[in-house]
Amino acid sequence: MKHLKIQRSPVELDLKDFSLKGEPITYQHRILKDIASVFLDQEAAKSIPPETIVYHVQSWLPVDEGTPGGLSFGTSTILSGQVGNEYFMTKGHFHSLSDRAEFYWGVQGKGMLILMDRERNTRAEEVYPGSLHYIGGEIAHRLANTGSENLVVGACWPSDAGHDYEEIAVNGFSARLLEIDGNPVLIDCKK
Ligand code: M6P
Ligand code: ZN
């Protein structure tokens, strides 16, 4: 560290859409063909262009993933859309170091944070600009866009948390968020 130096942080945040600017920033986009398997209605998935962007994530990892004691920061943007009557959503994950927690907060748009514990009980919290969500350890988390504009959500998580996608890929969540009569409803599919 340079003693007495005054400088800007290398990364800044646009407070309107939470886009990140600066270095180092990583960008990930998830297109339908890569995540089609998360959706219930596979016939409906085939009728949507495979290159359709479902969501994208910008992240700032100030320290390498896996470093104990560090923090990571991200902005997830989930586009508006549905596969059948299921809303566009993220893959969702447990943390690899599964006791690690995370904060999410709503920035723009409207959606749901779907949360599932290890007993496979699933509930959801409404996401809207200003909503703040504490995701405890051992809780799988997934975002769904239930509105007609982009859903933008900020996130901060321990840099050693890691992503366990496997458990969700194999067993899924125990409930699906579907649009029924114009409203989001959690439908039980506990195995
Ligand atoms: C948030 C954070 C990231 C996560 C991203 C997308 O920004 O939780 O760690 O990667 O959402 O979610 P997923 O990894 O489930 O696709
Ligand atoms: Zn997480």
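This is a predicted model: local features need pLDDT of at least 70, side-chain atom pairs count only at pLDDT 80 or more; totals for chains, interfaces and linings use all residues.
Residues are numbered from 1 along each chain as its sequence is written, and chains are lettered from A and ligands numbered from 1 in the order in which they are written. Local features need pLDDT of at least 70, side-chain atom pairs count only at pLDDT 80 or more, and totals for chains, interfaces and linings use all residues; side-chain values use heavy atoms, with hydrogens and water left out.

The zinc ion (ligand 2) has four donor atoms. They come from His93 (NE2), His95 (NE2), Glu102 (OE) and His141 (NE2). The distances run from 2.0 to 2.2 Å. Donors are N, O and S atoms within 2.8 Å of the metal (3.2 Å for Na, K and Ca); water is not among the atoms, so sites may look incomplete. Angles among the four donor atoms range from 86 to 159 degrees, and the site is irregular. Four donors count as tetrahedral if all angles lie between 85 and 135 degrees. Four count as square planar and six as octahedral if opposite donors are over 155 degrees apart and all others between 65 and 115; anything else is irregular. Along the sequence, the donor residues follow the spacing H-x1-H-x6-E-x38-H. His93 is buried, at 8% relative accessible area. Glu102 is also buried, at 4%. Here buried means under 20% relative accessible area, exposed means over 50%, and partly exposed lies in between (1.4 Å probe, protein chains only).

Six strands form an open sheet. Their order is β3-β4-β5-β13-β8-β11, and the pairing is antiparallel. The edge strands are β3 (26-31) and β11 (132-135), each of which pairs on one side only. Neighbouring strands are turned against each other by 20 degrees on average, direction ignored. Axes are lines fitted to C-alpha atoms, for helices over the stretch in contact, and angles run from 0 to 180 degrees between N-to-C directions. Strands are DSSP runs (E, at least two residues), as are helices (H or I, at least four), and both are numbered from the N terminus. Two strands pair if DSSP finds at least two bridges between them. In general, strands of a sheet pair through backbone hydrogen bonds, either parallel or antiparallel.

Strand β5 (residues 71-78) is mostly covered, with seven of its eight residues buried. Six bridges join β4 to β5 in the antiparallel sense. Tyr55 stands opposite Ile78 of β5. Eight bridges join β5 to β13 (residues 151-158), again antiparallel. Gly74 stands opposite Ala155 in β13. β8 and β11 pair over four bridges. Tyr104 has His133 of β11 as its bridge partner.

Ser59 lies in strand β4 (residues 53-60). Ser59 is buried, with a relative accessible area of 9%. Not counting residues up to four places away in sequence, Ser59 touches Leu20, Pro24, Ile25, Thr26, Phe73, Gly74 and Trp157. Contact means heavy atoms within 4.5 Å. Ser98 sits in the loop between β7 (86-87) and β8 (102-108). Ser98 is partly exposed, at 22%. Leaving aside neighbours within four places in sequence, Ser98 is in contact with Arg118, Gly137 and Glu138. Ser98 and Glu138 are 40 residues apart along the chain, yet their C-alpha atoms are separated by 5.2 Å.

Eight salt bridges are found in the whole structure. A salt bridge is a side-chain nitrogen of Lys or Arg within 4 Å of a carboxyl oxygen of Asp or Glu. Side chains of opposite charge can pair when their charged atoms come close. One of the bridges joins Glu86 and Arg176, at 2.6 Å from N to O. The pair links distant parts of the chain: Glu86 is in strand β7 and Arg176 in strand β14 (residues 175-180), 90 residues apart. Glu86 is buried, at 1% relative accessibility.

Glu43 pairs with Lys46, the closest N and O atoms being 3.2 Å apart. Both lie in helix α2 (residues 42-46), three residues apart, about one turn of the helix. Glu43 is exposed at 57%, and Lys46 is exposed at 64%. Glu125 forms a salt bridge with Arg123, with closest N and O atoms 3.0 Å apart. Glu125 is partly exposed at 22%, and Arg123 is partly exposed at 45%. Asp99, Arg100 and Asp160 are linked in a network of salt bridges.
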